[in-house]
Amino acid sequence: MRILGGVLGAALFWISLHAVAADVGLGATGPESAKLVRELPLADVHFHLMWFMSPEELKARMEKHNIRWVVGVGAIEGFTGKESFERDLEAKRLLGERYMPAVGWMSIRRADSDEGGAQIYTDPVNSRRDALLKLLDEQLSAEPQAVFGELHPNAESSSAIVHLKRRLPTDAPLFVELYQLAIKHKRPLPLHMQWHPDSVDRLGKLLQSDRRGTVVLAHCGKDTEAIQIREFFQKHPNVFCDLSYRSRPQTSQEGMRDPARTIYWGDGMFSTPGAKPEWIQLIEDFPDRFMVGVDDVHSWGIYDDVIESIRTGLLPQLKPETAERVAYKNAVRVFRLLGGKDAAQVERN
Ligand SMILES: [Zn+2]
């Protein structure tokens with residue numbers, strides 16, 4: 001009975017939450033605007049090419065869902081026998097300007113684990129770090145569409161990779177050097193950072209050290225409340241958010257112990273698609289700062305679910321012009337995606 005009560009309570013909680021979300025949805029949520037957001041091109045700015053994915057399958061998925069661009073954050077090597085950046089380059093060879101390959105996902109980790117600690121991050125001087133930065137610089141110069149892979153200054157309780165479950169100083173020498181390299185190559189730095197006060201403080205220092213640089217908060221800080229991002233955005237103009245891995249089904253499990261991790265959702269057993277009203281309000285107040293992403297998925301079926309959550313739970317809650325920015329226009333600007341004008345053209349026709 002207690003269990004049944006708990007289940008019913010949880011169901012009622014979701015129903016009431018979603019009823020509220022539906023009521024305060026700021027966008028026009030009628031059939032017209034639903035149709036409009038369904039047809040918007042998307043830029044997925046946080047994508048891991050999983051070990052089971054071939055570039056051809058990705059291309060078919062992008063066509064199916066009208067995903068115009070994909071920004072890599074690190075291809076998974078698994079048992080493919082290929083280096084991460086190489087895998088991303090294969091996808092880029094097939095998809096051209098629609099795919100941004102990511103550097104550093106594995107090369108940073110290899111340089112890091114060789115030392116058995118975080119010395120490449122924190123040592124004042126470190127020859128292995130110098131070699132790593134040289135490699136990244138060369139890769140970014142040789143491949144003008146390349147971007148930085150996801151970095152993990154704080155994934156204490158939010159990574160499946162044991163090695164990444166720790167908190168590093170976000171203004172440690174390696175992050176500072178990467179930030180400068182990002183400025184040189186005019187790329188944002190994607191940081192996966194849980195919202196620990198010390199991490200937040202140090203990220204603030206990094207952003208303030210040079211306002212020419214930009215950081216994209218992967219998963220918008222992962223365990224953040226809207227108010228925390230609001231305060232941070234007010235202080236720092238050069239920080240953006242990707243909304244990957246902040247929707248169910250991806251957050252279903254972790255959302256049970258930490259409900260803050262879910263921002264929006266698609267159709268579910270106890271819910272209609274929607275989003276938390278305080279987040280919708282935040283996106284409307286900072287419409288130039290948010291982008292969408294898929295992140296890692298363990299099957300193409302989940303990939304489809306994530307896109308469905310974006311198209312039915314998130315975008316229809318926004319004003320049409322905000323939805324357009326979040327869907328792809330902000331990404332075109334922040335990542336300097338090629339062919340942005342064509343997409344706008346296609347959409348108007
Ligand atoms: Zn991440």
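Where is Tyr245 found? Tyr245 sits in the loop between strand 9 and strand 10. The notes below concern a predicted model.

1. **Tyr245.** Phi of this residue is near 50°, a positive value in a residue other than glycine. Most residues other than glycine have a negative phi, and most peptide bonds are trans. Tyr245 counts as buried because 24 other C-beta atoms lie within 10 Å, and the cut-off is 20 or more.

2. **His219.** Here too phi is positive in a residue other than glycine: the value for His219 is near 55°. His219 belongs to the loop between strand 8 (215-217) and helix 10 (226-235). Buried or exposed? His219 is buried, because it has 28 C-beta neighbours inside 10 Å.

3. **Arg248 to Pro249.** The peptide bond between Arg248 and Pro249 is cis. Its omega is near 15°. Pro249 is in the loop that runs between strand 10 (247-248) and helix 11 (254-257).

4. **The sheet with strand 10.** An open sheet is built from 3 strands, in the order 10-11-12, and its pairing is mixed. Why do strand 10 and strand 12 (274-275) stand at the edges? Each has a single partner strand, so one side of each is left without a neighbour in the sheet. Strand 10 pairs with strand 11 (residues 264-265) in the parallel sense, over 2 bridges. Arg248 has Trp265 in strand 11 as its bridge partner.

5. Another open sheet has 5 strands, ordered 6-7-8-9-13, with parallel pairing. Its edge strands are strand 6 (151-154) and strand 13 (290-291), and each of them pairs on one side only. Strand 9 (residues 239-242) runs parallel to strand 13 and is joined to it by 2 bridges. For Asp242, the bridge partner in strand 13 is Met291.

6. **Val239.** This residue is part of strand 9. Val239 counts as buried because it has 22 C-beta neighbours inside 10 Å; the threshold is 20 or more. Which residues does Val239 touch, not counting residues up to four places away in sequence? They are Leu207, Val215, Leu217, Phe232 and Phe233. Ile229 is 10 residues from Val239 in sequence, and the C-alpha to C-alpha separation is 10.0 Å.

7. **Helix 10 and helix 12.** Two packed helices are described by the angle between their axes and the distance between the axes. For helix 10 and helix 12 (residues 277-285), the angle is about 20° and the axes are 9 Å apart. The two are therefore roughly parallel to each other, since angles under 35 degrees count as such. Their crossing is left-handed. Ala226, Ile229 and Arg230 of helix 10 meet Glu278, Trp279 and Leu282 of helix 12. By class, that contact has 4 nonpolar, no polar and 2 charged residues. Ile229 figures in this contact and also in the C-alpha separation from Val239.

8. **Helix 7 and helix 8.** The axes of helix 7 (residues 127-142) and helix 8 (residues 173-184) cross at roughly 20° and come within 11 Å. That angle makes helix 7 roughly parallel to helix 8. The crossing is right-handed. From helix 7, Arg129, Leu133, Leu136 and Asp137 meet Leu174, Glu177 and Leu181 from helix 8. The residues of this contact divide into 4 nonpolar, no polar and 3 charged.

9. **Helix 3 and helix 4.** At what angle do the axes of helix 3 (residues 55-65) and helix 4 (residues 84-95) cross? They cross at roughly 50° and come within 9 Å. Helix 3 is therefore oblique to helix 4. Helix 3 passes helix 4 in a right-handed crossing. On the helix 3 side, the contact involves Pro55, Glu56, Leu58 and Lys59; on the helix 4 side, Glu90, Ala91, Leu94 and Leu95. The contact contains 5 nonpolar, no polar and 3 charged residues.

Definitions and conventions: Residues numbered from 1 in each chain as written. Predicted model: local features only at pLDDT ≥ 70, side-chain atom pairs only at ≥ 80, totals over all residues. Pairing = 2+ DSSP bridges. Helix = DSSP H or I, 4+ residues; strand = E, 2+ residues; numbered from the N terminus. Buried ≥ 20, exposed ≤ 12 C-beta atoms within 10 Å, placed from the backbone. Contact = placed C-beta atoms within 7 Å. Axes fitted to C-alpha atoms, helices over the stretch in contact; angles between N-to-C directions. Parallel < 35°, antiparallel > 145°, perpendicular 65-115°, else oblique. Left-handed = near helix turned anticlockwise from the far one by under 90°. Nonpolar A, V, L, I, M, F, W, Y, C, P; charged D, E, K, R; others polar.
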